[in-house]
Amino acid sequence: MGFVALVAFALFRYVGDPVLSMLGQDATPEQRVQVTQALGLDKPFYVQFGHFVANAIQGEFGVSLRQGQKVSSLLAEKLPATLELALTAAAIALLVGVPMGVYTALRRRGVLSNLLLALSLVGVSLPTFLIGILLILLFAVLLGWLPSYGRGDTVMVGGWSTGMLTVDGWQHLILPAITLALFQMTLVMRLVRSEMLEVLRADYIKFARARGLGDRAIHFGHALRNTLVPVITIAGLQLGGIIAFAIVTESVFQWPGMGLLFIQSVQVADIPVMAAYLCLISLIFVTINLIVDLLYFAVDPRLRIERSAGGH
Amino acid sequence: MKPDRPSALARFVDSDLWWSYRHTPVAIVASIVTVLMVIGSFGAPVLAPHQPFDLASISLNDALLPPAWVEGGQLTYPLGTDDQGRDVLSTLLYGSRISLLVGLASVLLAMVLGVTLGLLSGYLGGRLDAFIMRVADVQLSFPAILIALLIDGVARTLLPQGSHNDWMAIGVLVGSIALANWVQYARTVRGSTLIERNKEYVQAARVIGVRPIAIMLRHVLPNSLGPVLVIATINIAQAILTEATLSFLGVGVPPTSPSLGTMINNGNNFLYSGEWWLVIFPGAALVLLCMSVNLLGDWLRDALNPRLQ
């Protein structure tokens with residue numbers, strides 16, 4: 001029962017966070033005046049803030065100061081681009097990272113394993129934007145194989161503009177998605193590797209070996225399945241990281257998503273857009289955290305036993 | 001009679017840490033690279049072959065020259081020049097200085113902030129503890145880069161319009177990176193404070209009437225600093241990368257005093273016209289710096305971890 005209370009509490013807190021950061025702005029009256037003047041708004045800050053909260057609940061974030069368009073429609077326009085990018089990146093990170101992690105754990109002394117580990121160390125020190133620039137330099141400028149900016153041709157499917165139905169759209173997606181996936185990929189790989197090594201040492205693996213099971217059954221039927229529990233959790237949380245780092249990737253590739261919109265708004269102090277973006281991001285984060293918590297609960301039987309035994 | 005104690009240097013040479021250092025080639029190489037880069041960047045006014053920010057000494061005629069070994073390059077500009085005719089090598093040295101300064105300052109600020117809050121939180125407990133840790137939890141669920149970006153963005157709008165000068169912008173940047181990273185320190189220090197505060201020496205100090213502040217600073221703090229130093233080393237690389245990312249996004253240090261990130265951002269504009277050296281060299285410097293600091297941090301963590309010995 002404590003679990004449910006915690007989730008409800010977390011939900012309340014996370015959603016409240018952008019509110020907290022907004023409140024921080026009316027620290028002193030002078031600052032308040034300056035903000036109002038700087039933005040050319042004559043109402044005092046707290047009145048706007050009150051309006052903001054009331055409207056935000058209805059999904060209404062006002063008009064962008066820079067583009068004169070409604071923020072809600074502005075964001076709705078950009079949301080598909082960011083989601084497509086983030087989900088593709090997450091898929092790449094998992095589909096490549098997990099096998100690499102398994103491989104490096106099973107062939108611990110192999111040359112390829114050491115190479116992959118060394119590369120992952122470089123990957124951690126290489127900032128996302130630099131990876132993006134290097135990929136552009138290699139594949140777009142020097143080789144000329146792939147386009148380097150924008151989303152390409154998009155198709156509207158029921159109000160959702162997608163680039164995934166055209167060849168051009170896919171070509172535009174490859175470089176940004178790889179850029180965004182690379183860091184998460186190294187994380188997933190290292191995590192799977194260390195979990196796998198841990199599990200392979202466990203008693204039930206020895207027992208499985210003693211029973212005469214083949215390598216294949218042991219590695220994939222027993223070891224990998226037990227490894228995946230923490231991996232699912234981390235992967236879910238990393239999706240939040242991917243959405244945050246999409247700001248950087250979108251900015252490198254001029255990908256017309258929410259991140260690019262946000263960074264342009266920061267540069268010109270477009271408060272309504274910034275606030276709306278933050279609320280939306282918090283909402284996504286809370287949803288992810290909630291799903292991960294529930295998933296963890298569904299995947300790990302020990303947690304369910306604990307609850308039926310009375311709970312905490 | 002004072003007992004005969006070996007000097008600090010002798011004790012250091014004799015210590016496990018020094019032994020571990022001498023027997024870890026990676027740590028030696030990483031520290032040499034780090035020291036060289038620190039010397040190069042802080043000695044920039046002396047070492048740099050040109051003065052990139054002295055308008056009198058740069059000439060637009062020299063703009064966009066390739067590195068010396070490429071056809072058309074000149075030996076006076078070993079790594080080429082940028083669009084304004086500034087020597088890339090000199091700008092690089094000055095840029096690393098700003099990157100390093102911002103990285104070190106923000107880690108230091110985050111450390112002071114985190115350690116103070118963690119100490120108060122762990123030692124005093126109660127509502128303050130609950131509040132600080134709640135804020136920490138919320139912050140921890142968001143990536144640091146997003147928080148730094150957000151604080152930086154909000155702070156910029158709050159600053160009075162007329163007062164945008166370089167040092168102010170750098171200060172805001174340092175502050176926002178620090179505010180995005182204090183949580184780790186606070187949590188670590190709080191954890192060890194909770195353990196230390198119930199030990200006998202702390203109780204003894206309390207019984208003889210030492211004031212809480214003195215207990216916290218002189219008794220509890222020294223005993224919880226070890227892990228903090230490890231986190232700080234690893235965070236320096238992280239902070240430098242954060243700074244570079246923010247500068248690349250155009251919300252970091254102002255273009256008039258470019259850091260490595262600003263240089264890469266500028267070079268990015270010339271990517272399609274083939275001037276690759278404007279991106280590659282600052283990028284390589286950034287990666288080299290971060291990687292060697294990271295490796296040093298990894299080594300320090302392993303060397304100070306009693307479980308691994």
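Here is a short chat about reading helix packing in a predicted model.

Biologist: How are two packed helices described?

Modeller: You give the angle between their axes and the distance between those axes. Take chain B: H12 (residues 260–268) packs against H13 (residues 277–304) at about 155°, and the axes are 8 Å apart.

Biologist: Are H12(B) and H13(B) roughly parallel or antiparallel?

Modeller: An angle over 145 degrees counts as roughly antiparallel, so that's what H12(B) is to H13(B).

Biologist: And is the crossing of H12(B) and H13(B) left-handed or right-handed?

Modeller: Left-handed, for H12(B) and H13(B).

Biologist: Which residues make that contact?

Modeller: From H12(B) you get B:Leu260, B:Met263, B:Ile264, B:Asn266, B:Gly267 and B:Asn268. H13(B) brings B:Leu278, B:Val279, B:Pro282, B:Gly283, B:Ala285 and B:Leu286. Sorted by class, the contact of H12(B) with H13(B) has eight nonpolar residues, four polar ones and no charged ones.

Biologist: Now chain A. At what angle do the axes of H8 and H9 cross?

Modeller: Roughly 150°, with the axes of H8 (residues 203–210) and H9 (residues 215–253) of chain A coming within 11 Å. H8(A) and H9(A) are therefore roughly antiparallel to each other too, but their crossing is right-handed.

Biologist: Which residues of H8(A) and H9(A) meet?

Modeller: On the H8(A) side, look at A:Tyr204, A:Ile205, A:Ala208 and A:Arg209; they meet A:Ile218, A:His222 and A:Ala223 of H9(A). By class, the contact of H8(A) with H9(A) has five nonpolar residues, one polar and one charged.

How values were computed. Residues are numbered from 1 along each chain as its sequence is written. Chains are lettered from A and ligands numbered from 1 in the order in which they are written. This is a predicted model: local features need pLDDT of at least 70, side-chain atom pairs count only at pLDDT 80 or more; totals for chains, interfaces and linings use all residues. Axes are lines fitted to C-alpha atoms, for helices over the stretch in contact, and angles run from 0 to 180 degrees between N-to-C directions. Helices (H or I, at least four residues) and strands (E, at least two) are DSSP runs, numbered from the N terminus. Angles under 35 degrees count as roughly parallel, over 145 as roughly antiparallel, 65 to 115 as roughly perpendicular and the rest as oblique. A crossing is left-handed if the near helix is turned anticlockwise from the far one by less than a right angle, and right-handed if clockwise. Two residues are in contact if their C-beta atoms, placed from the backbone, lie within 7 Å. Ala, Val, Leu, Ile, Met, Phe, Trp, Tyr, Cys and Pro count as nonpolar, Asp, Glu, Lys and Arg as charged, and the others, Gly among them, as polar.
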